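Please examine the structure displayed below together with its sequence.

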Amino acid sequence: MPLPMQQPIRYLPKDTPFVVVDPLKDFVERGGPFEKAYGRIELAPLREVISKLNALTASLQYEMKLILCKSSYAHNQFGVSGMETLCTTEEGKEPLIPIERFKQVITKTKNSLFSADVHPEELVGDSEFVGLSGLTTTSCILQSIEDFIKQTDKVVVLPRNAVGARASCRERAAKIFDRF
């Protein structure tokens, strides 16, 4: 069950697992796969979220169990023109948040955290809650929420200001919060 709140972090117990999904170069860099596929204007909201996540992880690194979830995809995995190389190179998979803030780094191969090299249940452990943030709301975040609901009894805490969608998907992303 997700728990969307404006400032949910202050209510979470210390050492709550908090997963940051895909704050990677390929999603926001000029000339990167996302820009090639969708255009520069579409990426502005994603860049804003990366800035917020940078500040958020700096403030939470000693309070929460921060987990970086990086994508590693096959060439042309999504069949979208311009995104053939999304998260296929080491440079493109480079995080835009200092990696030393994270207690653990995992790699997923599909949209959901449940495709990661470590099962999310192992990451979350006994915690009643799991924080979830990152990119993009209408894809990896949504799929991960749905999988947490189907496969666990954890409460997913989703800070509205710490997830991002492309500019043209903002309305659809907002509906995701309403849905849960």
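The model is a predicted one.

Two strands pair with β2. With strand β3 (residues 65-71), β2 pairs in the parallel sense over 5 bridges, and valine 19 stands opposite isoleucine 67 in β3. Strand β5 (residues 129-135) also runs parallel to β2, joined to it by 4 bridges; here valine 21 stands opposite glycine 134 of β5.

Attention now turns to the charged side chains. The structure holds 8 salt bridges. One of them joins glutamate 35 to arginine 40, with the closest N and O atoms 3.2 Å apart. Glutamate 35 counts as buried because its relative accessibility is 13%, whereas arginine 40, at 43%, counts as partly exposed. Glu35 and Arg40 also belong, with Arg47, to a network of salt bridges.

Another salt bridge connects the side chains of glutamate 48 and arginine 170, at 3.7 Å from N to O. Since glutamate 48 lies in helix α3 and arginine 170 in helix α6, the pair ties together parts that are 122 residues apart in sequence. Glutamate 48 is partly exposed, with a relative accessible area of 42%, and arginine 170 likewise counts as partly exposed, at 44%. Within helix α6, lysine 175 and glutamate 171 lie 4 residues apart, about one turn of the helix, and their side chains meet in a salt bridge of 3.7 Å, N to O. Glutamate 171 is exposed, its relative accessible area being 58%.

Arginine 170 leads on to the pockets. The largest pocket has a volume of about 250 Å³ and is lined by 15 residues, with Arg160, Val163, Gly164, Ala165 and Arg170 nearest its centre. Helices α3 (40-60) and α6 (170-179) and strand β7 (163-164) each supply at least two residues of this lining, which comprises 7 nonpolar, 4 polar and 4 charged residues.

The second largest pocket has a volume of about 190 Å³. Its lining has 15 residues, and Phe34, Tyr38, Met83, Thr136 and Ser139 lie nearest the centre. Two or more lining residues come from each of α2 (33-38) and α5 (137-151), and α5 gives the most, with 3 residues. By class, the lining of the second largest pocket divides into 9 nonpolar, 4 polar and 2 charged residues.

Definitions and conventions:
Residues are numbered from 1 along each chain as its sequence is written. This is a predicted model: local features need pLDDT of at least 70, side-chain atom pairs count only at pLDDT 80 or more; totals for chains, interfaces and linings use all residues. Side-chain values use heavy atoms; hydrogens and water are left out. On a 1 Å grid over the protein atoms alone, a cavity is a set of points where a 1.4 Å probe fits but cannot get out, and a pocket is an open set with protein on both sides within 12 Å along at least five of seven lines; lining residues have an atom within 4 Å of a point. Grid points are joined across faces, edges and corners, and a volume is the space filled by probe spheres set on the points. Ala, Val, Leu, Ile, Met, Phe, Trp, Tyr, Cys and Pro count as nonpolar, Asp, Glu, Lys and Arg as charged, and the others, Gly among them, as polar. Two strands pair if DSSP finds at least two bridges between them. A salt bridge is a side-chain nitrogen of Lys or Arg within 4 Å of a carboxyl oxygen of Asp or Glu. Buried means under 20% relative accessible area, exposed over 50%, partly exposed in between (1.4 Å probe, protein chains only).
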